[in-house]
Amino acid sequence: MTHEIQAPPRQIGFWTCLALVIGNTIGTGIFLLPAALAPFGWNALYGWAITVGGALCLAYVFAVLARTIPEAGGPYDYIATAFGPMAGFFVMWSYWISQWVTNAAIGIGMISYLEPFAPEFFNRPGVGPLSAIGLVILMTAVALRGVRASGSVQIVTTVLKIVPLLAVILVAVVVLGGGSGSSATAGNIAPMPVGAAAIASSAALALWAMQGFEAGTVPAGRVIDPARTIARATLIGTLFVGVIYILVTFAVFLLLPSEVAAKSPAPLADLMSRVWGSEAGKIIAAFAAISALGALNGWVFLQAEVPLVLAERGVFPKFFARVNEKGSPVFAQVLGCALSVALIATNLSSGMIEIYSFIILLATVATLVLYLAGALTMLALLKRGQARGAAATGAALLGAAYALGTFYGAGGEATAWGAGLLATGIPVYFFMRRGAAARE
């Protein structure tokens, strides 16, 4: 049963907001990314520095926006304040698409980590995609139980997903501190010469693993003391994840020969197996599955927040703003779930890998639209005198440059997909405008 349209209660405190930032950023990417980065050698670490630096600049931008417009219901209000409701709608339309697309990707990725525990079951035709669909539906059911249910799952899974990453870092510290093989560790790093092109490629690869640092701003209308809570959670969470990622990558580079890491489907498991034995692969797979579950929980919760705010602002059908007795927007959750399920279902007749890269491409480009818009919004508010500060100016300029550079690095095909995603919102926006004009 749904209630009449009303503002959802503010139930998200600092720790839940921080868990959203960390939990939505740490998904499946870091468990695979060191293998993709291994051939780049030292370029990968420079690329990480650029990606983390760009993410921190954008995180600071979103933190300042949260403090500047504390009454905002999320990024839509930030952008609409600077550029009007049309700009706000199209940016958030693109971001909303990235959310349910991301949920499909995480669902598929999680099944790949569960496969070692029951290979005969998951290798049957259609079982993998159907299991991913089941996970998306399960997490949607959790989200419909309200903020407290999703928040509890998010906090627990966030703590658990950090454990294997800290273990990898600890193993590296112990090995290096004990001097065991330390003379050969630098030689494990791939000898690719350091160059601008290789660094740019590394930075583009790293972006997928860093997406999600903006998660604390999306449910701003539900956050307690948003001006303070969102800013602290966004900056602390982004910095924490960035440091963890760099240390994990460095540990893999030092302890695994580059030719081994580059060919590994599970580089963290291979690293740990040298210390713990052959069962380490299953241990890491279990934690990776938990990590994916936490990320899926967070993104499923957020997928309903964008339609909720758009409906409250009158640029999306009003029934998307209706909430159940737990304060969850039912129609928005059901639609997001249905779209994720439909995307996964297109893969039922093929393997689990074929559309995974395509899904990641869609999600990355759609999210970049929000990152660029956030930086430009900050610059617009600074120019109008609605915000001030040299740090905010510098962060906005660097954040905009980073987003534009990443668009360029993604290539023409990705940019075309981004334009196509934005275009799908045109009929919805003008249909809603015509309806609003007819009611006036």
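Student: Is glutamate 312 buried, exposed or partly exposed, and what is its relative accessibility?

Tutor: Glutamate 312 counts as partly exposed, at 27% relative accessibility. The terms rest on relative accessible area: buried means under 20%, exposed over 50%, and partly exposed in between, with a 1.4 Å probe and protein chains only. Please note that this is a predicted model, in which local features need pLDDT of at least 70 and side-chain atom pairs count only at pLDDT 80 or more, whereas totals for chains, interfaces and linings use all residues. Residues are numbered from 1 along each chain as its sequence is written, and side-chain values use heavy atoms, with hydrogens and water left out.

Student: What percentage of the residues of the protein count as buried?

Tutor: Of the 440 residues, 57% count as buried. The accessible surface of the protein is about 17,300 Å², and 69% of that area belongs to carbon and sulfur atoms. Such areas come from the Shrake-Rupley method with a 1.4 Å probe; for residues, only the protein chains shown count as cover.

Student: How many helices and strands does the protein have?

Tutor: There are 20 helices and zero strands. Both are DSSP runs numbered from the N terminus: helices are H or I with at least four residues, strands E with at least two.

Student: How many salt bridges does a search of the whole structure find?

Tutor: The general idea is that side chains of opposite charge can pair when their charged atoms come close. Here a salt bridge is a side-chain nitrogen of Lys or Arg within 4 Å of a carboxyl oxygen of Asp or Glu. The search finds three. In one of them, aspartate 77 meets arginine 313 at 2.6 Å, N to O. Aspartate 77 belongs to helix H4 (residues 75-83) and arginine 313 to the loop between helix H15 (305-312) and helix H16 (330-345), so this pair ties together parts that are 236 residues apart in sequence.

Student: Which residues are linked in a network of salt bridges?

Tutor: The network links Asp77, Glu312 and Arg313. Glutamate 312 meets arginine 313 at 3.3 Å, N to O. Aspartate 77 is buried at 12% relative accessibility, while arginine 313 is partly exposed at 34%.

Student: Where does arginine 222 lie, and what does its pairing with glutamate 305 tie together?

Tutor: The closest N and O atoms of arginine 222 and glutamate 305 are 2.9 Å apart in their salt bridge. Arginine 222 lies in the loop between helix H10 (196-210) and helix H11 (226-255), and glutamate 305 in helix H15, so the pair ties together parts that are 83 residues apart in sequence. Both arginine 222 and glutamate 305 are buried.

Student: How many residues of H15 are buried?

Tutor: Seven of the eight residues of H15 are buried, and the helix is mostly covered. Among them are Glu305, Pro307 and Leu310. Just after H15, glycine 314 takes a positive phi of about 85°.

Student: How many disulfides does the structure hold?

Tutor: In general, a disulfide is a covalent bond between the sulfur atoms of two cysteines. The criterion here is a pair of cysteine sulfur atoms within 2.5 Å, and the structure holds zero disulfides. Cysteine 57 is buried at a relative accessible area of 15%, and cysteine 337 is buried at 11% relative accessibility.

Student: How far apart are alanine 342 and alanine 104 in sequence and in space?

Tutor: They are 238 residues apart in sequence and 8.9 Å apart in space, C-alpha to C-alpha. Alanine 342 lies in helix H16 and is partly exposed, at 43% relative accessibility.
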